[in-house]
Amino acid sequence: HDGRHALSKKTLAIARSRDAHVLVQVKANQSELFSMCQSLAQYQKAMELHVDHDKGHGRIEQRFVETFIPPNGWLPEGWQPLVQCVVKVDRIVEHRRKGISQTSLETAWWISTIALSAEQFQNAIRGHWAIENQNHHVRDVAMFEDACRNREQPGILARMRSIALNCLRANNEPSISRAIYRNALNFYHAVSLVDRRT
C-alpha cells in the first residue's frame with residue numbers, strides 16, 4: 001500500500017472483495033484506530049515475536065516484530081471484520097558517528113487482512129520499505145517531486161513522472177538522473193525509448 005494515500009476501510013474492503021490481502025501501516029491521522037492498536041499491546045500478550053538484526057553503513061539495527069489478534073469488539077466500528085492481525089514493529093538503531101554512539105527507537109503499527117507469522121510480516125514489511133525507499137528516493141532526488149509546488153491536479157503530474165520512470169527502467173537505464181538529462185536535451189531520444197518497448 002502506498003503510504004501517500006490515506007488508509008481507509010474502503011481500501012481494505014475492496015481488497016477483500018477481490019480475494020486479495022492488504023498489509024498497511026496505521027498512522028496518527030487515523031487516531032482512534034492508532035490508539036486501539038497501541039492499547040491492544042498493553043492488554044494482550046503477543047501471539048508471536050520475531051527478531052531480526054542488520055549491521056552495516058556504520059549502524060546496527062534490531063527489529064522486533066510482534067503479532068496480535070484483536071478480540072471481538074476491540075477495534076473501532078467498521079474495522080473489526082476487516083482486520084485479522086495487528087502488527088507492532090520496534091526498530092532500535094545504533095549509529096556510530098565520529099566515535100560517538102547514538103541510539104534511536106521507532107515503533108510502527110500495521111494492520112493486515114490476513115494473519116501471518118511474525119517472520120512473514122517482517123519480510124513483507126522490509127520488502128515494502130525497500131520498494132518505497134527506492135521509488136521515493138528516485139522521485140525526490142532525480143525528479144524533484146518533493147520540491148514541486150504545483151497544486152492544480154498534482155495527480156496528473158505524478159502519473160507522468162511514473163510513466164517516465166517506468167519507461168526508463170524498462171529500458172534498463174543505469175542512471176535515472178543521467179537519462180533524464182539526456183532525454184531533456186534530445187526529444188527524439190526520449191521518443192525512441194518508448195518506441196523500443198511498443
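These legends describe views of one predicted protein model.

**Figure 1. Overall fold of the protein chain.** The chain holds six helices and five strands. Helices (H or I, at least four residues) and strands (E, at least two) are DSSP runs, numbered from the N terminus. Their order from the N terminus is α-β-α-β-β-β-β-α-α-α-α. Residues are numbered from 1 along each chain as its sequence is written. As the model is predicted, local features need pLDDT of at least 70 and side-chain atom pairs pLDDT 80 or more, while totals for chains, interfaces and linings use all residues; side-chain values use heavy atoms, without hydrogens or water.

**Figure 2. Burial and surface.** Of the 198 residues, 31% are buried (under 20% relative accessible area, 1.4 Å probe, protein chains only). Accessible surface totals about 13,000 Å² (Shrake-Rupley method, 1.4 Å probe). Carbon and sulfur atoms account for 53% of that surface.

**Figure 3. Helix α2 and its cover.** Helix α2 spans residues 31-43. Its 13 residues should span 18 Å at 1.5 Å a residue, and the end C-alpha atoms lie 19 Å apart, which agrees. The expected span is 1.5 Å times one less than the number of residues. L33, C37, S39 and L40 are the buried residues of α2. Their cover includes β1 (23-26), β3 (59-68), β4 (85-97) and β5 (100-112).

**Figure 4. Confidence along the chain.** Mean pLDDT (the predictor's confidence in each residue, from 0 to 100) is 79. Helix α2 has the highest mean, 92, and helix α6 (residues 187-197) the lowest, 64. Over residues 1-6, pLDDT stays under 50. The model gives that stretch 14 contacts beyond four places in sequence (heavy atoms within 4.5 Å).

Definitions and conventions
Buried means under 20% relative accessible area, exposed over 50%, partly exposed in between (1.4 Å probe, protein chains only).
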